[in-house]
Amino acid sequence: MELLRLGPGLNIITGSAALLLARPGHRALAVADLHIGWESTLADRGLHIPSQAGRMLSRLEKLIMAFGPEMLIFLGDVKHTVAGAEAEEWAEIPAFFERLKGLVEEVVVIPGNHDGRLSSLLPEGVELAGSGGLALWGAFGLFHGHSWPSPELLECRWLITGHIHPVVLLRHGPYFRTSFRVWLVMDCDGGALAREMASRGKMTVELEPSVEKMLVMPSFNEFLGGQAVNRPRRGGELIGPVLRSGCVRLEEAEVYLLDGTFLGRVGQLRSSGL
């Protein structure tokens with residue numbers, strides 16, 4: 001596994017849909033959008049896929065062994081059921097986190113829009129943060145993306161989010177399409193974001209925003225669908241208040257495949273007709 005460096009202490013682990021965040025003497029591993037229990041929703045529709053929880057756990061164990069983080073961070077949508085929990089989630093999530101908390105010093109979950117009542121499923125010793133996210137080391141503002149970030153995240157240079165499951169959809173002839181999970185890297189106008197949050201009553205303190213960049217993570221669950229960023233979305237361009245706030249421009253976002261290949265900018269991909 002190789003690292004693609006996006007900035008100081010910010011590294012994509014190629015092929016893994018995972019981030020390695022680092023500063024001297026400290027490392028944190030971050031992933032987003034596991035949607036454990038998603039398979040039961042498909043089963044209700046007549047599609048039967050084995051649970052992916054075991055595979056995701058195995059992949060996380062390998063990443064922990066390879067990079068030795070002391071902290072493991074989940075950027076929301078650990079489970080799939082929006083409110084409450086299905087039997088599969090009760091069966092899989094507690095054991096999933098019991099295993100992980102024995103491998104790292106600290107496990108933190110930032111809740112997403114699918115994580116209603118997640119606290120009932122998390123074993124003792126796993127920290128459940130607020131939906132406003134976590135400002136890590138004053139450098140990385142991590143949150144799920146379905147709600148506004150906490151004001152302190154705007155004092156970080158990078159905002160890091162999940163939620164939209166970005167993919168690129170490619171056509172193979174008139175009948176076949178293939179989707180590939182991707183990373184999105186874009187500029188973010190921290191001043192514009194702070195003004196928008198203040199106008200909506202989401203920020204009452206005065207601060208000097210440091211946000212310059214935003215990173216949208218692909219889903220760690222490789223079987224999930226996602227938003228095809230090279231195809232304009234019907235009913236609105238983006239989901240999530242920050243991405244809709246006007247502080248970022250999706251057309252100029254850089255697009256990277258999981259293996260680190262740079263595909264170009266979103267606007268270029270759209271104009272190519274792929």
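1. How many bridges join strand S6 to S7, and do these strands run parallel or antiparallel? In this predicted model, strand S6 (residues 106–109) is joined to S7 by three bridges, and the two strands run parallel. Within this pairing, Val 108 has Glu 127 of S7 as its bridge partner.

2. The largest nonpolar core has 54 residues, of which Leu 19, Phe 74, Phe 96, Phe 97, Leu 142 and Ile 160 touch the most other members. The element that gives the most to this core is H2, with seven residues. As a general matter, nonpolar side chains in soluble globular proteins tend to be buried together.

3. Apart from its neighbours within four places in sequence, Phe 96 is in contact with Leu 34, Ile 36, Ala 53, Met 56, Leu 57, Leu 60 and Phe 74. There is also a second, separate core of 29 residues, including Trp 148, Val 216, Ala 253 and Leu 269.

4. The whole structure contains ten salt bridges. One of them joins Arg 55 to Glu 222, with the closest N and O atoms 2.7 Å apart. Arg 55 lies in helix H2 and Glu 222 in the loop between strand S13 (213–216) and strand S14 (227–228), so this pair ties together parts that are 167 residues apart in sequence. Arg 55 is partly exposed, at 43% relative accessible area, and Glu 222 is likewise partly exposed, at 33%. Arg 55 and Glu 222 also belong to a salt-bridge network with Arg 181.

5. A further salt bridge pairs Arg 270 with Glu 251, the closest N and O atoms being 3.0 Å apart. Because Arg 270 lies in helix H5 (residues 266–272) and Glu 251 in the loop between S14 and strand S15 (254–257), the pair ties together parts 19 residues apart in sequence. Arg 270 is buried, with a relative accessible area of 16%, whereas Glu 251 is partly exposed at 39%.

Terms used. Residues are numbered from 1 along each chain as its sequence is written. This is a predicted model: local features need pLDDT of at least 70, side-chain atom pairs count only at pLDDT 80 or more; totals for chains, interfaces and linings use all residues. Side-chain values use heavy atoms; hydrogens and water are left out. Two strands pair if DSSP finds at least two bridges between them. Helices (H or I, at least four residues) and strands (E, at least two) are DSSP runs, numbered from the N terminus. A nonpolar core is a set of buried Ala, Val, Leu, Ile, Met, Phe, Trp, Tyr and Cys residues joined through side-chain atoms within 4.5 Å. Buried means under 20% relative accessible area, exposed over 50%, partly exposed in between (1.4 Å probe, protein chains only). Contact means heavy atoms within 4.5 Å. A salt bridge is a side-chain nitrogen of Lys or Arg within 4 Å of a carboxyl oxygen of Asp or Glu.
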